[in-house]
Amino acid sequence: RFIAKPCAINLGIQDSGPHRAQPNAILEKVFTSITKSPDGKRLEGLSKQLDWDVRKIQRWFRHRRNQDKPTTLTKFCESMWRFTFYLSIFFYGIRFLWTAPWFWDTRQCWYNYPFQPLTSRLYYYYILELAFYWSLMFSQFTDIKRKDFLIMFVHHLATIGLITFSYMNNMVRVGTLVLCLHDASDFLLEAAKLANYAKYQRLCDAFFMLFGVVFIVTRLGIYPFWILNTTLFESWELIGPYPSWWLFNGLLLTLQVLHVIWSYLIVRTASKALVRGKVSKDDRSDVESSSEEEDVTSNSTKGIFSTSSNGSNRLNGHVAGGQWTGE
């Protein structure tokens, strides 16, 4: 409110919403009581009832759905908050782990386990991360639904489960490695969104490409060969198959599956960007165009600028393209 909003206004971002739909009591009743995305049969019935063209009714519903979406200013402020948190917690984690012996030798995570001291810095690191992911879990149900809603829901569940479980079992050493690794790319994604909202397209593209590289290197390279290696093999070797070994590694492997899915989406977005010369669309965006030109060109651009048809949530996460409007 006192930092992000003034920054957005100085960058020329206006607090103006999308084009409002023409008032119509019949369509409004259908929108609020029956469906926000009527099928063909219902569209034909409404067309006869109102003596409107079907295309005009489709456009009205699209405008009405966009009417409930947050403004660019609101999304800028949200992304700036997330950028601030991700950047701060990442550098806090790096500064803390730089002097930790298990950062340089992962076998240290299991020496003298479970009798390992819990320092105050480690404790606050855990509490901050846990509080943040709980906030994401709750806010996901109040935000506009995106295509990856289910994936993000599973991700938040797995993350909260891992943080809580590792804390209760005093596996905080390896837990800090997982947390820091995941924070390494998130602030780059939020930076790309901020650049997009401010209409700095080249900066947005650069941040997104950097995010994609860091994400793939950390999630498909370092994570399986550094983190999973120590939790699956080194822990088995040093302390044996402890009772919670299967659950702990099951949650970590669930995260790895999500990493593969998101990496695919990032590569697909980047490949489209290379073809068109810029990052132009989030593959999981919830945005629907309100321009009439879309109706004329929708067939020719289908498959490249395709959007969610359900009008319904922030990757909260993770893959995004040049417009970033889904966030």
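Visitor: How much space lies in the largest cavity?
Guide: This is a predicted model, in which local features need pLDDT of at least 70 and side-chain atom pairs count only at pLDDT 80 or more, while totals for chains, interfaces and linings use all residues. Residues are numbered from 1 along each chain as its sequence is written, and side-chain values use heavy atoms, with hydrogens and water left out. A cavity here is a set of points, on a 1 Å grid over the protein atoms alone, where a 1.4 Å probe fits but cannot get out, and its volume is the space filled by probe spheres set on points joined across faces, edges and corners. For the largest cavity that space is about 140 Å³.

Visitor: Which helix gives the most to the lining of the largest cavity?
Guide: Lining residues have an atom within 4 Å of a point, and among the 14 of them Thr159, Leu162, Ile163, Val178 and Leu179 are the closest to the centre. Helices, which are DSSP runs of H or I with at least four residues, numbered from the N terminus, supply at least two lining residues each in the case of H7 (120-139), H8 (149-168), H9 (172-197) and H11 (245-276). The most, 5 residues, comes from H8.

Visitor: Is glutamine 116 buried or exposed?
Guide: Glutamine 116 lies in the loop between H6 and H7. Not counting residues up to four places away in sequence, glutamine 116 touches Gln108, Cys109, Trp110, Tyr111, Asn170 and Arg173, contact being heavy atoms within 4.5 Å. Because its relative accessible area is 7%, glutamine 116 is classed as buried.

Visitor: How far apart do the end C-alpha atoms of residues 123-142 lie?
Guide: The unreviewed UniProt entry lists residues 123-142 among its spans for "transmembrane region", in the numbering used here, and such annotations may be inferred rather than shown by experiment. In the model this span is 85% helix and 0% strand, and its end C-alpha atoms lie apart by 30 Å.

Conventions. 1 Å grid on protein atoms, 1.4 Å probe; cavity = no way out; pocket = protein on both sides within 12 Å on 5 of 7 lines; lining within 4 Å. Buried < 20%, exposed > 50% of the residue type's maximum accessible area, 1.4 Å probe, protein only.
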